[in-house]
Amino acid sequence: MMPSKNWLITGATRGFGRALAEEILNDGGQVALCARTAAAVDEAVADLKRLGPVLGRAGSVTDPGFLSRWVTTAAGEFGAIDGVVVNAAVLGAPPLAAVSELTQEEVRRIVDTNVLGALFALQAAHPYLAESSDARVVAVTSDAAWAAYPGWTGYGMSKAALELLVRTYAAENPHIKTY
C-alpha cells in the first residue's frame, strides 16, 4: 500500500529535521530531504532508508532552480507532495553580532537562507500542495521572532519575516493546513 503522506523537508540531515524525517517514515510516509552538503545527505539517506522511502538531494535552499528540480523529482518519485517542512536555517556567524555590528553580508546570508529559502521552497511545492486533499506546511521558527535577545538580530528578524510569510501563505491558501 502506498504511504498516505509524501513530505519534503529542508535541512533534514540532523537535529529537528532529521528527527521529523524519522517520525514520518516510521508513520508510513515518504520523505524527500535536502541539505547543503552531499556527504550529510548521503549519510542521512543511508541511515533513514531502513525506515522507508527516502530521497535526498544536496543543494542550497537559496537556489530556486535547485528547489524546483528537487521538488519535481520528489513528486515524480512519490506521485504527490502532501507536506512541506521549511526547516533549513542559519543562526549567524559566531560570535553573534549586536545590531550596531551586524554586517550587510551576514544579514543577507541569514535572510537568504531563513526567509527566501522558505519562500522558494513554498513556491516550488505549491502546485503539488494545491492538488493534495490534505496538504500541510510546517515552518520551523523561534521565540527569537518576537523576543529580543542581544546579538540575535539577524536570526530573530529572519524568523519574524518567516512567520509573516507563512501566515500570509495560509491566508492565501485556506485549504492548506499551515503551522
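Leu129 contacts (heavy atoms within 4.5 Å) Ile81, Asp82, Gly83, Val84, Ala135, Arg136, Val137, Tyr169 and Ile176, when residues up to four places away in sequence are not counted. The model is predicted, so that local features need pLDDT of at least 70 and side-chain atom pairs count only at pLDDT 80 or more, whereas totals for chains, interfaces and linings use all residues. Residues are numbered from 1 along each chain as its sequence is written, and side-chain values use heavy atoms, with hydrogens and water left out.

Leu129 is also, with Leu8, Leu67 and Trp70, among the residues with the most contacts inside the largest nonpolar core, which has 31 residues; such a core is a set of buried Ala, Val, Leu, Ile, Met, Phe, Trp, Tyr and Cys residues joined through side-chain atoms within 4.5 Å, where buried means under 20% relative accessible area, exposed over 50% and partly exposed in between (1.4 Å probe, protein chains only). At least two residues of this core come from each of strand E2 (30-35), helix H3 (64-78), strand E4 (83-86), helix H4 (104-131), E5 and H5, the helices (H or I, at least four residues) and strands (E, at least two) being DSSP runs numbered from the N terminus.

Six of the six residues of E2 are buried, and the strand is therefore largely enclosed by the rest of the structure; Gln30, Ala32 and Cys34 lie on one side and Val31, Leu33 and Ala35 on the other. Strand E1 (residues 6-10) runs parallel to E2 and is joined to it by five bridges, with Ala32 in E2 as the bridge partner of Leu8.

Trp152, in the loop between strand E5 (136-139) and helix H5 (153-172), counts as partly exposed because its relative accessibility is 31%.

Definitions and conventions: Two strands pair if DSSP finds at least two bridges between them.
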